[in-house]
Amino acid sequence: MFDRVADRYDLTNDVLSLGQDRRWRRAVGSAVAARPGEWILDLAAGTGTSSEPFHAAGAVVVPCDFSLGMLRVGKHRRPDLRFVGGDALRLPFADATFDAVTISFGLRNLNDIDTGLREMLRVTRPGGRLVVCEFSRPTWAPFRTVYVEYLMRALPAVARRVSSSPDAYVYLAESIRAWPDQRALAERIMRAGWSAIRWRDLSGGIVALHYAERPG
Ligand SMILES: C[S@@+](CC[C@H](N)C(=O)[O-])C[C@H]1O[C@@H](n2cnc3c(N)ncnc32)[C@H](O)[C@@H]1O
């Protein structure tokens, strides 16, 4: 599915999120707070757009994804980034390799979220950090109603005009609705072995950033 949407992936994101995705990516950059020389894994990195803030901060960012279509578009656009082909459920990295692991709009797409969270823990050094950026649940009920209408009706209609594979955006809307809310995801992260878990809502809870640390 991601191979098919790769060509117009970044443009479609900008249109469907009304440009909010750029703000969300800046917030991920601040939450990870990468320092020069640190090793950062950006998992399910797609075309590498989510990796750019870490590179700009002077860290060594490794964008990793298993869609060759997304990696190809990414490598063409950003030849200077060290793209790696790899499955989030069996990461091709040694234990404790990274200072921080981050995953933007990717955790929801893994076939097995709990295995993915445990793999992220394995490749993070003790004391290292995790930042998950994912769609979540708007906290104000009236706004939530309007948002769900947007997801189920307007979003697939807009995607039909912009995306190279509109069906993928029906999946997007349905997978967002089926996703756990902020607290339930925090519990899931904790059960995978992470500690110091907290979260921050963005755009009224359309997106949430979950932050955690690998116990020292
Ligand atoms: C919605 S895109 C997010 C891309 C990027 N992080 C961003 O913020 O634009 C989700 C990505 O998850 C990747 N993905 C899904 N399951 C994966 C897995 N098991 N291992 C690696 N990547 C995976 C897909 O190939 C896709 O590129």
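Welcome! Helices (H or I, at least four residues) and strands (E, at least two) are DSSP runs, numbered from the N terminus. This is a predicted model, in which local features need pLDDT of at least 70 and side-chain atom pairs count only at pLDDT 80 or more, while totals for chains, interfaces and linings use all residues. Residues are numbered from 1 along each chain as its sequence is written, and side-chain values use heavy atoms, with hydrogens and water left out.

**Around W140**

- W140 is exposed, with a relative accessible area of 60%. Here buried means under 20% relative accessible area, exposed over 50%, and partly exposed in between (1.4 Å probe, protein chains only).
- Together with F143 and V146, W140 forms a nonpolar patch on the surface, and the three have about 340 Å² of accessible area together.
- Patches are made of residues with over 30% relative accessible area and no salt bridge; like charges are joined within 9 Å, and nonpolar side chains (Val, Leu, Ile, Met, Phe, Trp, Tyr) within 5 Å. Accessible areas come from the Shrake-Rupley method with a 1.4 Å probe, and for residues only the protein chains shown count as cover.

**The sheet**

- An open sheet is formed by 7 strands in the order β3-β2-β1-β4-β5-β7-β6, with mixed pairing. Two strands pair if DSSP finds at least two bridges between them.
- At the edges are β3 (84–85) and β6 (195–202), each of which pairs on one side only.
- Strand β4 (residues 98–104) has 7 of its 7 residues buried, so this strand is largely enclosed by the rest of the structure.
- On one side, β4 pairs with β1 (residues 39–43) in the parallel sense over 4 bridges. In this pairing I40 stands opposite A100, and L43 stands opposite I103.
- Strand β5 (residues 124–135) also runs parallel to β4, joined to it by 6 bridges. Here S104 stands opposite C133.
- β4, helix α6 (residues 113–123) and β5 make a right-handed β-α-β unit. Right-handed means that, with the strands pointing away from the viewer, the path from the first strand over the helix to the second runs clockwise.

**The nonpolar core**

- The largest nonpolar core has 37 residues, and those with the most contacts inside it are V32, I40, F135, Y169 and V207. Such a core is a set of buried Ala, Val, Leu, Ile, Met, Phe, Trp, Tyr and Cys residues joined through side-chain atoms within 4.5 Å.
- Two or more residues of this core come from each of α2 (9–16), α3 (20–32), α5 (68–77), β5, α7, α8 (167–177) and β7 (207–213). The largest share, 5 residues, is given by α8.
- As background, nonpolar side chains tend to be buried together in soluble globular proteins.

**Salt bridges**

- The whole structure holds 13 salt bridges. Each is a side-chain nitrogen of Lys or Arg within 4 Å of a carboxyl oxygen of Asp or Glu.
- R22 and D14 form one of them, with their closest N and O atoms 2.6 Å apart. D14 is partly exposed, at 22% relative accessibility.
- R77 and E52 form another, with the closest N and O atoms 3.6 Å apart. R77 lies in helix α5 and E52 in helix α4 (residues 52–56), so the pair ties together parts that are 25 residues apart in sequence.
- A network of salt bridges links D10, E52, R77, R78 and D80.
- Within helix α6, E119 and R122 lie 3 residues apart, about one turn of the helix. Their side chains meet in a salt bridge (2.7 Å, N to O); E119 is buried at 12% relative accessible area, whereas R122 is partly exposed at 25%.

**Loop residues to look up**

- D80 is in the loop between α5 and β3 and counts as partly exposed, at 44% relative accessibility. The C-alpha atoms of D80 and H55 are separated by 9.5 Å, with the two residues 25 apart along the chain.
- A96, in the loop between β3 and β4, has a positive phi near 55° in a residue other than glycine. A96 is partly exposed, at 35% relative accessibility.
- F105, in the loop between β4 and α6, also has a positive phi of about 55° although it is not a glycine. F105 is buried, with a relative accessible area of 13%.
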